[in-house]
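I'd like to walk you through one model, a piece at a time.

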Amino acid sequence: MDRAWGSKPGGGAASRQNEAIDRRERLRRLALETINLANDPYLFKNHLGTYECTVCATLHNNEGNYLAHTQGKRHQINLAMRAAKEAKDAPAKPQPLPHKRKVVSVRRTVKIGKPGYKVTKQYDPELKQRCILFQIQYPEIEDNLKPRHRFMSSYEQKVQPYDKRYQYLLFAAEPYETIYFKVPSTEIDKSSPKFFSHWDQDSKMFTFQVCFKINNKAQFTVGANGLPPQPPPPPPMANGFWDIPPPPPPGNM
C-alpha cells in the first residue's frame with residue numbers, strides 16, 4: 001500500500017495540509033489527461049512563464065495549478081457572471097422574417113396592334129340554329145405559343161353599359177392586342193362538331209366556331225285554341241348570314 005505524500009516510513013497519517021496538496025496534485029494530473037488547455041479562452045501565459053486566468057485575474061505557476069483553480073468555486077462564479085453580462089450586452093437575435101408569398105411577375109410585352117380577322121355568321125334553317133365562325137390571323141405570334149379564347153359576361157367588362165342580352169368573346173395571343181366580339185348571351189351548344197377550335201401552325205390561322213342552343217320554350221306553351229302556337233319566323237337575314245349587332249372596336253375589357 002502506497003504511503004501518503006509527506007508521511008515518514010513507519011510514521012502516522014499525513015496531516016490535513018498534506019492531504020489537500022496530494023488531492024490537488026491528483027486532480028491536476030487527471031485534468032491534464034482530460035482537458036485541452038489549448039482551447040481554453042481564459043488561459044494566458046505571460047512573458048514570465050506563469051499562467052494568468054483572465055476571468056479571475058489570478059496568477060498560477062503551472063498548468064496544473066491553473067486547472068485546479070478552474071475547478072474552484074470562485075472561477076465558476078466568475079464564469080457565470082461573465083456569461084450573463086455577455087448575454088445582456090449582445091444584440092437581440094434577429095427574428096426570422098415572415099414567409100412572403102412569391103409574387104409572379106406580370107409578363108409585359110410590346111403590343112404590335114390588332115390581328116386581322118374574319119367573322120362568318122351562319123343560320124341552319126332545318127335546325128333553326130345560329131352559329132358564328134371566327135378566323136383570326138396571327139402571323140407574328142411568338143414561338144411555341146397558341147392563341148387563347150374566353151367568354152366574358154356583360155357585367156364583367158367596364159367598357160360598355162351592362163346589357164344582359166349580350167356576352168363577349170375574347171381572343172388573345174402575344175404580342176397582339178386582345179380583341180373581343182359582342183355576341184348574344186344565349187347558352188352555348190358545346191356538342192361536337194358545332195363547337196370547336198383549331199390552330200394552324202403553318203398558316204398562323206386560329207379558327208373558332210360557336211353555336212347557340214335552340215330556344216324551345218314555345219313548344220311548352222298553349223295557344224288560345226288549345227294547340228301549340230306556330231314557331232316564330234326566322235330573324236331577318238342579310239346575304240345568308242344571321243344579322244347581329246356588329247362587334248365593338250377592340251379594347252381593354
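The cut-off here is simple: a disulfide is a pair of cysteine sulfur atoms within 2.5 Å. Cys53, then, is in no disulfide.

Before I go on, some housekeeping. This is a predicted model, where local features need pLDDT of at least 70 and side-chain atom pairs count only at pLDDT 80 or more, while totals for chains, interfaces and linings use all residues. Residues are numbered from 1 along each chain as its sequence is written, and side-chain values use heavy atoms, with hydrogens and water left out.

When I say buried, I mean under 20% relative accessible area; exposed is over 50%, and partly exposed is in between, using a 1.4 Å probe and protein chains only.

Residues 51-81 are listed in UniProt, in an unreviewed entry, as "domain: Matrin-type". Keep in mind that UniProt positions are given in the numbering used here, feature names are shortened, and annotations may be inferred rather than shown by experiment. In the model, that stretch is 55% helix and 19% strand, and its end C-alpha atoms are 22 Å apart. Helices and strands here are DSSP runs, numbered from the N terminus: helices are H or I with at least four residues, strands are E with at least two.

Now, which cysteines do form a disulfide? Cys131 and Cys211 do, with their sulfur atoms 2.1 Å apart. A search of the whole structure finds 1 disulfide. This link is right-handed, with 110° about the S-S bond. Cys131 is in strand β5 and Cys211 in strand β11, so the pair ties together parts that are 80 residues apart in sequence. Both Cys131 and Cys211 are buried.

Next up, a sheet. Strands pair, by the way, if DSSP finds at least two bridges between them.

Arg150 stands opposite Leu170 in β7.

Side chains of opposite charge can pair when their charged atoms come close. We call it a salt bridge when a side-chain nitrogen of Lys or Arg is within 4 Å of a carboxyl oxygen of Asp or Glu. How many does the structure hold? It holds 5. One of them joins Arg150 and Glu156, with the closest N and O atoms 2.8 Å apart. Arg150 is partly exposed at 39%, and Glu156 is partly exposed at 34%.

Another joins Lys111 to Glu174, at 3.1 Å between the closest N and O atoms. Lys111 lies in the loop between α3 (73-89) and β4, and Glu174 in the loop between β7 and β8, so the pair ties together parts that are 63 residues apart in sequence. Lys111 is partly exposed at 40%, whereas Glu174 is buried at 16%.

Glu174 has one more thing to show: its peptide bond to Pro175 is cis, with omega near 5°.

Lys128 isn't a glycine, yet it has a positive phi of about 55°. Lys128 sits in the loop between β4 (116-124) and β5 (129-137) and is partly exposed at 46%. Asn144 has a positive phi of about 55° as well, and is not a glycine either. Asn144 is in the loop between β5 and β6, and at 83% it counts as exposed.
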